[in-house]
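Below are some notes for a colleague who will be working with this model. Please read them beside the coordinates.

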Amino acid sequence: MPGIVVFRRRWSVGSDDLVLPAVFLFLLHTTWFVILSVVLFGLVYNPNETCSLNLVDHGRGYLGILLSCMIAEVAIIWLSMRGSILYTEPRDSMQYVLYVRLAILVIEFVYAIVGIVWLTQYYASCNDIMAKSVTLGTCLERMVVCNWVVILSVCITVLCVFDPTGRTFVKLRATKRRQRNLRTYNLRHRLEEGQASSWTRRLKVFLCCTRTKDSQSDAYSEIAYLFAEFFRDLDIVPSDIIAGLVLLRQRQRAKRNAVLDEANNDILAFLSGMPVTRNTKYLDLKNAQEMQRYKEVCYYMLFALAAYGWPIYLMRKPTCGLCRLARSCSCCCLCPSRPRYAPGVTIEEDNCCGCNAIAIRRHFLDENMTSVDIVYTSCHDAVYETPFYVAVDHDKKKVVISIRGTLSPKDALTDLTGDAERLPVEGHHGTWLGHKGMVLSAEYIKKKLEQEMVLSQAFGRDLGRGTKHYGLIVVGHSLGAGTAAILSFLLRPQYPSLKCFAYSPPGGLLSEDAMEYSKEFVTAVVLGKDLVPRQVQKIGLSQLEGFRRQLLDVLQRSNKPKWRIIVGATKCIPKSELPEESEENSVTSNRLWTHPSDLTIALSASTPLYPPGRIIHVVHNHPAEQCCCCEQEDPTYFAIWGDNKAFNEVIISPAMLHEHLPYVVMEGLNKVTQ
């Protein structure tokens, strides 16, 4: 639901989010109630000892507190399970129950302090063995500790759900009801400024360990503005988004099934959520030339994967990989005289042990690619400055530039700086536009290559083997894929035969004319339902507008409580527990709905951007889902030629993030030929 209002302030939690916390506290307090009842009334104490009498009195008082807690928590559970996500009228009294529960918490706090005082005062001097050993020494001590843990947890939760703009939000909503236009405008302006400042602070906390540069500060501002605009007038909480994603997935499935059930229909099936018709073009892997091209795509994915250095290397090979790296790595402070790199290799800003450069080298040795020489490795990582390496592949007679994808918070800032920026291509005066963060990253890499004369070193690596006449390949995954595609634009005037392989590139990368031109030299790969290539054609705010509209629409139509929607998304819950499309009916106007936002609000306009090059879409079928106790049938993988403009919808699925991982992309490519 929209954020609950308590103490005349909006909080970033809904009244229907309190089911699980209240159930946990109820079970905890019930357990302690039973234990304390047994201890107080089932044991015999010495009536002549002051400590025993005080203990019984204190215990009875605490039983009353526990009983009050249990009653309040039952009320919270009952209220929180009523209504639906946006139908909040049955939960209107929740704030008053929370006031009562907060008063009980204050009493608990006082009793916890009193409990500590009594423990220190009576434990040493108490002569009643039963009271001392069982009650004071064990039960009361653990109960006091448990109380302090609960109180600390509540304080941390309050800090997490605190909304700095909560009071302004409540005032704005009240002013809207009274139709005070000038007052509403001023409050809206203050709310937008407060939300932007709040997002800026969150980003700075997220990147608290990094040094702030001017470019990074600009990125903070742009991204904070992006999120502030998206959540402007949007009164929902994080759990609403989770429930909305579950409902969207349900709706998308229902629509696909409805399409397949239609009699006159050209769609034969859906593979990874994409419609397959008679006009769908599969890669003809029986054709030798097509098969050779596909093998080339699989081969250069190894270069893109290696750019991630030691984190992905260890993720792929957690046991033997660690041993191999440990044998090769030597920290400069321990073994300064031991050579770690081959002669003629330039390493920039690697860590003390040189783990990234060594992991890149080990990656090729493990694949038996001994003919690959690493010429240059830059581990420098900053906003708009992406790590990369340059290698010479003597077997394929190619020089390869491989650019790392997103692996750090600074990379995430580069990803999110998504305004349209003109491509600085020499001799072109058209309207080629690209993702700003990746355009700046590509310019940085081009400048680095020129300043360090890296490509000259690579092409002159071994003139006796003809390196001067080798071709140039640019590869990357994710952020690296987008940067690689744009870098190819910048280098192509000097290297007309250049090829680029972009794996899982971002959807909002190039304007339409630049995208069409890139098909001459860029081959892109998308795996399944990967989220990143579906960011959806329009980078920036209008890209998010369609998603926001769909999210709000399914939340409005749902008449199920949030807990049931989220629990119903688990694999082992019967399908009948999921909300059906027929049940998502708009309620009649006599019900009070808390509308989070006006669906007609349009976010700022932006330029349509698309994924680059010719797209190979690796898709798979969807075997029937089994119960969590049963073994799932393996899907069959296919490779089809994708349409750059067809990736216009985010397909909600647990696989939408998993299928973006670089080693999963490599596995998917290999499964096509198995």
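**Notes on the predicted model**

1. Val 110 is partly exposed, its relative accessible area being 44%, and the residue is found in helix α3, which covers residues 94-122. Please bear in mind throughout that this is a predicted model. Val 110 belongs to a nonpolar patch on the surface, formed together with Phe 7, Leu 102, Val 106, Phe 109, Ile 113 and Val 117, and the accessible area of the patch comes to about 570 Å².

2. The unreviewed UniProt entry lists residues 18-41, 61-81, 102-124, 148-170 and 297-315 under "transmembrane region". For two of these ranges the computed geometry can be set beside the record. Residues 18-41 are 96% helix and 0% strand, with 33 Å between the end C-alpha atoms, while residues 61-81 are 95% helix and 0% strand, with 31 Å between the end C-alpha atoms.

3. How many salt bridges does a search of the whole structure find? The search finds 19. One group of charged residues, namely Asp 16, Asp 17, Arg 91, Asp 240 and Lys 562, is linked in a network of salt bridges.

4. Lys 499 and Glu 296 form a salt bridge in which the closest N and O atoms are 3.8 Å apart. This pair links distant parts of the chain, since Lys 499 lies in strand β12 (residues 499-503) and Glu 296 in helix α9 (residues 288-306), 203 residues apart. Lys 499 is partly exposed at a relative accessible area of 36%, and Glu 296 is also partly exposed, at 21%. With a salt-bridge cut-off of 4 Å, a reader may wish to keep the 3.8 Å value in view.

5. A second pair that links distant parts of the chain is Lys 645 with Glu 512, where Lys 645 sits in the loop between β15 (637-642) and α20 (655-658), Glu 512 sits in helix α17 (residues 512-518), and 133 residues separate them. The closest N and O atoms of this salt bridge are 2.4 Å apart. Both partners count as partly exposed, Lys 645 at 33% relative accessibility and Glu 512 at 35%.

6. Arg 362 and Asp 366 also meet through their side chains in a salt bridge, at 3.0 Å from N to O. They are four residues apart in helix α12 (residues 355-366), and therefore about one helical turn separates them. Arg 362 is buried, with a relative accessible area of 18%, whereas Asp 366 counts as partly exposed at 22%.

7. Just after α14, Met 453 takes a positive phi of about 55 degrees.

8. On the cysteines, the count of disulfides comes to zero. Are Cys 160 and Cys 500 buried or exposed? Cys 160 is exposed, with a relative accessible area of 59%, whereas Cys 500 is buried, with a relative accessible area of 0%.

Note on methods. Residues numbered from 1 in each chain as written. Predicted model: local features only at pLDDT ≥ 70, side-chain atom pairs only at ≥ 80, totals over all residues. Heavy atoms only, no water. Disulfide = S-S within 2.5 Å. Buried < 20%, exposed > 50% of the residue type's maximum accessible area, 1.4 Å probe, protein only. UniProt positions renumbered as here; feature names shortened; annotations may be inferred. Helix = DSSP H or I, 4+ residues; strand = E, 2+ residues; numbered from the N terminus. Patch = residues over 30% accessible without salt bridge, like charges linked within 9 Å, V, L, I, M, F, W, Y side chains within 5 Å. Areas by Shrake-Rupley, 256 points an atom, 1.4 Å probe, with all protein chains shown as cover.
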